[in-house]
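Thank you all for coming.

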Amino acid sequence: MEYNFDDQEYEWFKDEFYKLSKLNLNKYKQDQMKRRISTYVYRRFKLTYKEFMKLITENEYEFNAFLEYLTINVSEFFRNIEQWDILKNEILPILMSESKGGKLKIWSSACSSGEEPYSLAMLLTKHLKGYDFEIVATDIDEGILKRAKNAVYKLENFEKIPDEYKQWFIAKDYDMYEISNEIKSKITFSKLDLLKDIYPADLDLLVCRNVLIYFIEEAKEEIYAKFSNSLKNNGILFVGSSEQIVNSLDYELKAIKTYFYQKDKK
Ligand SMILES: C[S@@+](CC[C@H](N)C(=O)[O-])C[C@H]1O[C@@H](n2cnc3c(N)ncnc32)[C@H](O)[C@@H]1O
C-alpha cells in the first residue's frame, strides 16, 4: 500500500517544514514533490507525516538527510559533455572578447557536491589562457556544500573524464580522487537559496543547470528576472538540458546557442 498526502496534510507539512528549514516547498512542482515526500516518509520510515515532522525536528541528522533527498543532489563532472564543448569552443571566445582585462566573475548557482564548479575551473584554467577568473559556487544544502569543499570523489568511471583535465584529479585509494589545490583555490563555496536570497552581481557567466526543472513557472520567472539583473551586459547564462527559456527576451536574455543565453540590454 502507498500512503499519500491529502491536500490538508500537505499544506500543514509545507508550513511546518518552512518553519524548520526556511525552504519554500510551494515553489517546487507539487505532484513531483508530494510523491517524493510520501515515498520517503512511508517507505523509509513507515511514519505518519506528523510523526515524521517530529523526527526531523528533533534529529538533526535525519533533517539533513531529508533535505538532501528533497533537493536532489545528483551531479557529475562535465555532465552532458556536449554542452561543455559548446562552452569551450563557442562561448569562451565571447567571454574573452567582452572581458576588459579584469577578472572574469562566474557563479555556479546550484552547485551540489561541487562537480560543476570544479569542471568549470578546470575548463577555464585550460582554455582561458591569460585571463584570470573567480567562481562563486552556491547551493541551498549545507551538507552537500561540505562535501563540495572537501573535494574528494569516488569516480568509478574516471576514464570518462576528458584527458585534458585528468591532471587535476589526484588519485587516492579505491577509485577515490581529490581535486588539486590549484583548482580548489579558484572557488568560494557558500549557502544561497535561489528562491529568496540576494544574488551575486556583475557576472560574466552564470551557470544554473538541472535545478530549474523542479520549480513551478512563477518561481522560474522570478529567478530568470533576477539572473538577468545579476549578469553584466553581454554576460552569459548557461542552463541545463530541458531548461530552455521560452520567452527569454522578456528578461533581456537572447538565445545564442542551445543552453546559452546572452544578456542583451536594449
Ligand atoms: C540535480 S542538482 C544539480 C547540480 C549541478 N548543477 C548539475 O547540473 O550537475 C540540483 C541542486 O539544486 C539544489 N537546490 C534545490 N533547490 C534549491 C534552491 N531553492 N536554491 C539553491 N539550490 C537549490 C540542490 O540542493 C541540488 O544540489
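Predicted model: local features only at pLDDT ≥ 70, side-chain atom pairs only at ≥ 80, totals over all residues.

Arg147 is partly exposed, with a relative accessible area of 43%, where partly exposed stands between buried, under 20% relative accessible area, and exposed, over 50%, using a 1.4 Å probe and protein chains only. Residues are numbered from 1 along each chain as its sequence is written, and side-chain values use heavy atoms, with hydrogens and water left out.

The partner of Arg147 is Glu68, and their closest N and O atoms are 2.3 Å apart in a salt bridge, meaning a side-chain nitrogen of Lys or Arg within 4 Å of a carboxyl oxygen of Asp or Glu. Because Glu68 sits in helix α4 (residues 60–71) and Arg147 in helix α7 (residues 142–150), the pair ties together parts that are 79 residues apart in sequence; helices here are DSSP runs of H or I with at least four residues, and strands are runs of E with at least two, numbered from the N terminus. Glu68 is also partly exposed, at 25%.

What, then, forms a salt bridge with Lys232? That residue is Asp204, with the closest N and O atoms 3.1 Å apart, and since Lys232 belongs to strand β8 and Asp204 to strand β7, the pair ties together parts 28 residues apart in sequence. Asp204 is buried, at 8%, whereas Lys232 is partly exposed, at 32%.

In total, the structure holds 19 salt bridges.
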